[in-house]
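Biologist: I keep meeting labels in model reports and wondering what stands behind them. Could we go through a few together?

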Amino acid sequence: MEGESGAVSPLACVTLPERLDSAAAEALKALIAQARDQAGTETVALDASGVGYVGGLCLQVLLASGCPVVAPSEKIREAFALFGVRAFLQEPLPLLQ
């Protein structure tokens with residue numbers, strides 16, 4: 001995300017839950033929507049550093065959100081690789097504190 005000066009603007013960040021299974025898909029969608037509302041922007045960074053399990057349905061929610069997944073845990077990296085979407089993982093971005 002670039003600001004007017006061409007510099008990268010910081011993003012608001014939301015920490016993802018430890019378990020992202022099928023039962024968590026609706027809550028994940030709501031969490032992302034709430035973070036967007038609070039940040040006042042369509043894009044928020046999704047901190048996946050603490051995720052220990054991610055299933056296919058939540059992976060789809062993450063991808064459909066269009067938000068960058070930052071600080072991916074090993075399980076997130078494995079799931080994105082397994083589903084052939086590793087390119088969607090992001091390098092760390094400057095975050096709002």
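Modeller: A salt bridge here is a side-chain nitrogen of Lys or Arg within 4 Å of a carboxyl oxygen of Asp or Glu. This is a predicted model, where local features need pLDDT of at least 70 and side-chain atom pairs count only at pLDDT 80 or more, while totals for chains, interfaces and linings use all residues. Residues are numbered from 1 along each chain as its sequence is written, and side-chain values use heavy atoms, leaving out hydrogens and water.

Biologist: Why is the pair Glu 42 and Arg 36 called a salt bridge?

Modeller: The closest N and O atoms of Glu 42 and Arg 36 are 4.0 Å apart, and the cut-off is within 4 Å, so the pair counts.

Biologist: What makes Arg 36 buried or exposed?

Modeller: Buried means under 20% relative accessible area, exposed over 50%, and partly exposed in between, with a 1.4 Å probe and protein chains only. Arg 36 has 19%, so Arg 36 counts as buried.

Biologist: Why is H2 called roughly perpendicular to H3?

Modeller: Helix H2 (residues 56-65) and helix H3 (residues 74-82) pack at about 85°. Angles of 65 to 115 degrees count as roughly perpendicular, under 35 as roughly parallel, over 145 as roughly antiparallel and the rest as oblique, so H2 is roughly perpendicular to H3.

Biologist: And which residues of H2 make the contact?

Modeller: Leu 59, Leu 62 and Leu 63 do, meeting Ile 76, Ala 79 and Phe 80 of H3; contact means heavy atoms within 4.5 Å.

Definitions and conventions:
Axes fitted to C-alpha atoms, helices over the stretch in contact; angles between N-to-C directions. Helix = DSSP H or I, 4+ residues; strand = E, 2+ residues; numbered from the N terminus.
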